[in-house]
Amino acid sequence: MEPIPETVKAIEELGPFTNETNLLDDLKRMGSEVTELVPDCVGLSLASAEHGVTFTLIASDRQLAFLDAIQDLCGSMEMPSRPEPQPGDLDQDLLDEETWHLLAMATAARGVVSTLTLPIVEDDGIVGAVNLYGASRQAFTGHHEQLAEIFGAWAPGAVTNADLSFSTRREAEQAPRRLQDESMVSQAAHVVAELEGVSLRDAHRRIREAAQRAGISEEQLAEAVIRLRRRPD
Amino acid sequence: MTVPVLAPPIRIAIVNDYELVVAGLAAALAPYADQIAVVELEVDSPVVRDVDVVLYDTFGQAQGDVAELDKLVHDSGASVVVFSWNVEPELVARTIAQGAAGYLSKALTAKELVEAIQAVHAGDVVTPPGVEASDVLPATDWPGHDVGLSAREAEVLALITQGYSNREIAARSYLSINSVKTYIRAAYRKIGVTRRPQAIVWGLTHGFDLHDRAAVE
């Protein structure tokens, strides 16, 4: 599996996020260990509560093509074909779990048929989560403990099929922007705190409230504040 | 009886965005006031007085063939000497090609710095002898020095505070991204933060600034 471009950008340009090691190398190593254990794992996301961002690795096109070929070869035996969901299916039973599962699959990222979510716990608090994405329904069955060990995660807290739409990938795509925005708001808060003689917390609140009143985002207001501050006298 | 005529001291301006950096360098040169007269300390404003040499400290500044240096060379009318810990040969060559009269390493002692400025004033183009600069010139100072930040770590933190990405910092400092990340890790450890916004706040409350260039308009 390879990191998506936004994950590379977030770590290389706005990292390092780790004290000693290179996070990109760590992610690739964990990805390799996962695919060794679960060959049809096609995606991996690591969400950090501390940094408020998600990093994602996905199977390369070559790996996906290989998996497609394998499934094509074995599909009739192991993976009976499922009917495509039709609009009318919803009317039959809105609470039918299988219907929801089929709909979710229909909109899922390419190849994702099952997911496994593992919380990462440190000092009795959740500091992050790992989401793994499989190309077969039973991809992670029987591997929870070993997978949790790779990430230092908590196996008893595992949740299955909670993210068939691969929403964490979209989260990861937002990471560079989110990190840049956060830095900019911090700069702007300092400027406001200095000008107004208030605490940083109050400055943050003032920026948030002023942005809301003006109908713009905090980041837009922060950018304007910094430009004004940098403007020559 | 012939009275010996002493040459007047060379008049210099020290330019950098950081008051602490400028003041530290002036203090280092103070014992040599009979040879070097620091007549102007420029923080965020143009060099206005008539000086012989402009000493441009690169701490927290863009390096290489950048507009800031171009303005100094063309607007000040003085010989411009770049003073930096980064003596990457390509960077030195580009700086000299842009019109700088000298490029001096921060590994120099204050006495050697004075001699180098005198050589530049005499018309020589002075560049480092290819020796890697060390981090420390004892008489100079920089923000974060008091908490143990090396000059390079402080330099990187200054650019983070100004909002630059690691790639931009690498480009401005002629460092690899991995080196930049190594300096960031070390700096974060020393200032007790783990996240970039925290580092920015720390920087802005410990003498670093949002400004991103020395002003010589």
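Helices (H or I, at least four residues) and strands (E, at least two) are DSSP runs, numbered from the N terminus. The model is predicted, and local features need pLDDT of at least 70, side-chain atom pairs count only at pLDDT 80 or more, while totals for chains, interfaces and linings use all residues. Residues are numbered from 1 along each chain as its sequence is written, and chains are lettered from A and ligands numbered from 1 in the order in which they are written.

## The two chains

A residue is buried if 20 or more other C-beta atoms lie within 10 Å of its own, exposed if 12 or fewer, and partly exposed in between, with C-beta atoms placed from the backbone. Two residues are in contact if their C-beta atoms, placed in that way, lie within 7 Å. Ala, Val, Leu, Ile, Met, Phe, Trp, Tyr, Cys and Pro count as nonpolar, Asp, Glu, Lys and Arg as charged, and the others, Gly among them, as polar.

Chain A contains ten helices and six strands. Of its 233 residues, 37% are buried. Among the contacts in chain A with a separation of 6 or more, 64% are between residues 24 or more positions apart.

Chain B has eight helices and five strands, and from the N terminus its elements follow the order β-α-β-β-α-β-α-β-α-α-α-α-α. Buried residues account for 48% of the 217 residues in chain B. For contacts in chain B between residues at least 6 apart in sequence, 72% join residues at least 24 apart.

## The sheet of chain A

Two strands pair if DSSP finds at least two bridges between them. In chain A, six strands form an open, antiparallel sheet in the order E1-E3-E2-E5-E4-E6. Strand E1 (2-3) and E6 of chain A are at the edges with a single partner strand each, so one side of each has no neighbour in the sheet. Within the sheet, strand E2 (residues 41-48) and strand E5 (residues 125-134) of chain A run antiparallel and are joined by seven bridges. Leu46(A) has Val130(A) of E5(A) as its bridge partner.

Axes are lines fitted to C-alpha atoms, for helices over the stretch in contact, and angles run from 0 to 180 degrees between N-to-C directions. H1(A) lies across E1 and strand E3 (53-58) of chain A, at about 130° to E3(A).

## Backbone features of chain A

Gly15(A) and Pro16(A) are joined by a cis peptide bond, with omega about 25°. Pro16(A) belongs to the loop between H1 and helix H2 (23-37) of chain A.

Two residues of the loop between E6 and H7 of chain A, Asn161(A) and Phe166(A), have a positive phi although neither is glycine.

| Residue | Phi | C-beta neighbours inside 10 Å | Class |
|---|---|---|---|
| Asn161(A) | near 55° | 17 | partly exposed |
| Phe166(A) | near 55° | 23 | buried |

## Helix packing in chain A

Two packed helices are described by the angle between their axes and the distance between the axes. H8(A) and helix H9 (residues 200-214) of chain A pack at about 110°, with their axes 8 Å apart. H8(A) is therefore roughly perpendicular to H9(A), a term that covers angles of 65 to 115 degrees. Residues making this contact include Val185(A) and Ala188(A) of H8(A) and Leu200(A) and Ala203(A) of H9(A). By class, the contact has eight nonpolar, two polar and two charged residues.

## The contact between the chains

The contact takes 20 residues from chain A and 18 residues from chain B. On the side of chain A that touches chain B, helix H1 (5-14), helix H8 (175-196) and helix H10 (218-230) each supply at least two residues. H8(A) gives the most, with seven residues. That side of chain A comprises seven nonpolar, seven polar and six charged residues.

## Two regions of chain B

In helix H6 (residues 166-173) of chain B, the buried residues include Ile169(B) and Ala170(B). Their cover includes H1 of chain A, together with helix H5 (151-161) and helix H7 (177-191) of chain B. Tyr174(B), which follows H6(B), has a positive phi near 55°.

Leu113(B) is in helix H4 (residues 110-121) of chain B. Leu113(B) counts as buried because 24 other C-beta atoms lie within 10 Å. Apart from neighbours within four places in sequence, Leu113(B) is in contact with Leu104(B) and Leu108(B).

Note on methods:
Parallel < 35°, antiparallel > 145°, perpendicular 65-115°, else oblique.
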